[in-house]
Amino acid sequence: MLFIITTHPYLGSHSFKAMEETSFAAESQPKEVHSSNNNQGSDNTVECSDSPLSQKIAARWVPDEACRPVIDDAPVFYPTAEEFADTLGYIAKIWTQAESYGICRIVPPCSWIPPCPLKEKDMWENAKFSTRIQQVDLLQNRESMKKKTRGRKRKRRRHSKRRAEANAASETDEKFGFQSGLNFTFAEFQRHASTFKESYFGTHDCKEGSNSGGNNNKRWEPSVEDIEGEYWRIVEQPTDEVEVYYGADLETGVFGSGFPKASSVVTKSDSDLYAMSGWNLNNLPRLPGSVLCFEESDISGVLVPWLYVGMCFSSFCWHVEDHHLYSLNYLHFGDPKVWYGVSGSRATSLEQAMRKHLPDLFEEQPDLLNELVTQLSPSVLKSEGVPVHRVVQHAGEFVLTFPRAYHAGFNCGFNCAEAVNVAPVDWLQHGQTAVELYSKQCRKTSLSHDKLLLQSALDAVQVLGQTSLGTKFISNRSWQKVCGKDGMLTKAVKRRVEMEEERLDRLPICWKSQKMDRDFDSNTERECFLCFYDLHLSAASCNCSPDRFSCLKHAKHFCSCEMTQRCVLLHYTVEELNLLVKALEGELDAIHAWASKDSGVVSVDYTHKCAAKKPKLDGASKSCDPMEIMPDCPISEDKVNMNGSCSSSSHVSSAVVQSGSPDDHNGHESLVVNAAPKVEHDCCFDLNLNCASDEHESKVIDVSDGFDNKTSTIEEETSTSMSNQEKASTSEGNKLFGVDLGLSRHASNIPPISSSKTEIVDISAVNASMRQKSYQSRSLSLVEPLNFGSLMAGKYWCTKQVIYPKGFRSRIKYYSVLDPTKLCSYISEVLDAGLLGPLFKVSLEEYPEESFANVSADRCWEMILNRLNNEISRRSNLAERGLPPLQSSQSINGFAMFGFLSQPIVEAIEALDPDHQCTEYWNHRRKQQHSSVPSSL
């Protein structure tokens, strides 16, 4: 496993970065491509006659030339059992004391001793893992590959065949790196590691408690200080060639984790205490409060832990984590691991020092630090004014590294560790710095920072909205702590919005803008063709290359076409994003506007410094308010000028409802409904509390509660439409954030206006009607109307498409947010929120305390969907079986789940208003009936 050969022929001043605890492969590549072949065949058997395991170790410890760095230790923390119960809370607690060191050690309470599945006999003796060969004496002192090919050959002894082969391979590749090693079981690797350490340090006696019949003979063991001094002597002043094996980057999803999972625990107590613990690295990344919980992919090494099986001198070299994330490392068993850390605030100083001392290597390979194969002594860094601190990690202890903190280290003997990343909210500012740096370096990203940032903000706004409405159940109250004008999340979003605004302002005035397609980056990673910048928030494109995109910084380098052919795709406009910042700062109107708007079911957007044209106005150009909505259409369709008036020269696939004049009530904006094949709805309310509300002065029609509560199948029309006339009509009534609440039903689905004075609705007749029309549906939904409620004909209680009766209640079966393997009944109801109008609430019938309330029916069910998917992901990470797949945001529709898309229920609700007091609804219905050209919603 290890070779140590001849006198070192040169002492170069060049160093290179070795492998680190969380990644040995090039950091510039997404971690999921670095998976190790953990269960390879026996091609590289450890028993072959030419194996280095049979070679005699020539190098020996030279204690008189020890080079142990004289540096201070990083802090050590000893949480109490109570503190240890809140993983992210404890990390936040020690942040102020530890962050300036870049690294710290956390010693769990003495009672926390998780079982290690890796020690089970079958795993220990049969599971094989791959290794890499590390040339320890070349980690710092080596020639550049170009010089090496021109210069002298190194002298070697007869046992250096493998080293010669490795050097030959490196020379061919013209790049220094770690070669593939042998495959081992834990038992084989332990024997090999012990033999090497005993031979190198001259301790040949049997180990105490070894399998030699329980021999209790004690022998002298080198101390951590002895090993550390010798390690840096090999690295700084090599006289012999030293090669070791390191089993690094072993995917726990393939090889297995050192922590118990729900499917593998033996006892119930193990399951409760360790399989579900926040300190279990399988759970850590997606804990509530970590923004990685919004990452859908299981990125290997980031969200899925990696294992590291080490031996004496096996190394992990100077590096930072992908995207400057936090990392947490746990040493399951074995000899100590020595770490060195540099604060993120001194990262640039470390990089400058390494470039200064290793100029040839950096000249040959500018991205050397991304390769994780180069060390530089802490003593050298200290001499350059870079503070370095030491951590000695023992079995059963954690090591935490902070954002952009460089760290490196080595192992003192046979051991096994596990590591993963985590991203508390305070990481967002560092993550933004990382993606901007990656863009300058033209380096690929591992995850979408903007997606994590925006989803965090939207989740926080929902919590703020629930709080303002006095909702009893709030999904994650911790978001409140990071909001407000000085909140970490608010500052991170504000910074990103300012960057986006500045970049948009730099674009030519003739560029057009359009709505980014809803699925633009949902199934495919979208990145700049030049710098690989993530394009979740915005992208530039041209008609000449509809499938090629750039970031806003490189939009002008996209192609040589005329600027008028270019366009910008926007997920949200600057106006919307600034309103999001205000919501995070705590402005009530902004909170309710965003909480209502971002239901995830309808895609709407506004133009940026733009004028939108009405589709049927003979091509006339008309300017519009900056907050007016732009068409949601593909690149080949209507383009909207971002900086002035614009006209439509092609088919518009979206319905645009514009205000008739700038003096419309409360300055409400316009509604754009995407005419996509799938039904999408959005509902927002005018939440201006200064406006008088007359709903309580309206006539109230009571409906009996005593209905026949038979469950019936509602066949729903999943494709509804809006007339072309509606596209150009004037929008009045309740709107905020440019969106009119509700949905439009196909004209053919609307029954003739009746003069009936019926005020009591027979629910049994409705159920019969549902069954009679069931054959017409493309999808089935078990919605059971329980109470049609009473008419509230005042403001907010209807839109042009929907009437919301106060007290309306329905029941539907869906996956339980508490146990996704089961179906449960949800009760949907419409409550009276006073000046806010209707409040939509959905609760679990068996657990009514589990409720979801919002001013948007769609948003209620999206909250349920998010909670459900989080629970599915959590249980999936624990290897639980029988779970449903993650539910797409398009898999359900909030209005449908309430029953508002069911024709029989719609007719029953209409019967509550024989006098047509909901004038906006009935006027719009008449227009639909007279429209000769129906169009899709």
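**Where two helices meet**

Tutor: In this predicted model, one face of the contact comes from helix 12, with Leu428, Gln429, Gln432, Thr433 and Glu436. Across from them, helix 14 supplies Leu489, Ala492, Arg495, Arg496, Met499 and Arg503.

Now the geometry. Two packed helices are described by the angle between their axes and the distance between the axes. Helix 12 covers residues 428-440, and helix 14 covers residues 488-505. Angles under 35 degrees count as roughly parallel, so helix 12 is roughly parallel to helix 14.

Five strands make an open sheet with mixed pairing, in the order 2-12-11-14-9. Which strands stand at the edges? They are strand 2 (72-73) and strand 9 (315-319). Each has a single partner strand, so one side of each lacks a neighbour in the sheet. Strand 2 pairs with strand 12 (residues 389-393) in the parallel sense, over two bridges. Look there for Asp73, whose bridge partner in strand 12 is Arg390.

Helix 7 (residues 224-236) touches strand 9, strand 11 (337-342), strand 12 and strand 14 (406-411). The direction of helix 7 makes about 110 degrees with that of strand 14. Helix 9 (residues 347-357) packs on the sheet too, touching strand 9, strand 11 and strand 14. For helix 9, the angle with the direction of strand 14 is about 65 degrees.

Another open sheet also has five strands, in the order 28-29-30-31-32, and its pairing is antiparallel. Strand 28 (783-787) and strand 32 (851-854) are at its edges. Each of these has a single partner strand, so one side of each is left without a neighbour in the sheet. From one strand to the next, the twist averages 25 degrees. Strand 28 and strand 29 (residues 809-815) pair in the antiparallel sense over four bridges. Within that pairing, Pro785 has Ser810 of strand 29 as its bridge partner. Helix 19 (residues 857-877) packs on this sheet. Helix 19 touches strand 29, strand 30 (823-832), strand 31 (838-844) and strand 32, and its direction makes about 145 degrees with that of strand 32.

The structure holds 51 aromatic pairs. One of them joins Trp124 and Phe186, which are stacked. Their centres are 5.3 Å apart, with 15 degrees between the planes. Trp124 lies in helix 3 (residues 121-126) and Phe186 in helix 6 (residues 186-201), so the pair ties together parts that are 62 residues apart in sequence.

Last, check the confidence. The chain averages a pLDDT of 74, and 67% of the residues score at least 70. Over residues 205-214 the pLDDT is below 50, and this stretch has 18 contacts beyond near neighbours in sequence. Residues 599-781 also have pLDDT below 50, with 536 such contacts in the model.

Technical notes:
Residues are numbered from 1 along each chain as its sequence is written. This is a predicted model: local features need pLDDT of at least 70, side-chain atom pairs count only at pLDDT 80 or more; totals for chains, interfaces and linings use all residues. Side-chain values use heavy atoms; hydrogens and water are left out. Axes are lines fitted to C-alpha atoms, for helices over the stretch in contact, and angles run from 0 to 180 degrees between N-to-C directions. Angles under 35 degrees count as roughly parallel, over 145 as roughly antiparallel, 65 to 115 as roughly perpendicular and the rest as oblique. Contact means heavy atoms within 4.5 Å. pLDDT is the predictor's confidence in each residue, from 0 to 100. Two strands pair if DSSP finds at least two bridges between them. Rings of Phe, Tyr and Trp (its six-membered ring) pair if their centres lie within 6.5 Å; planes under 30 degrees apart count as stacked, over 60 as edge-to-face and the rest as tilted.
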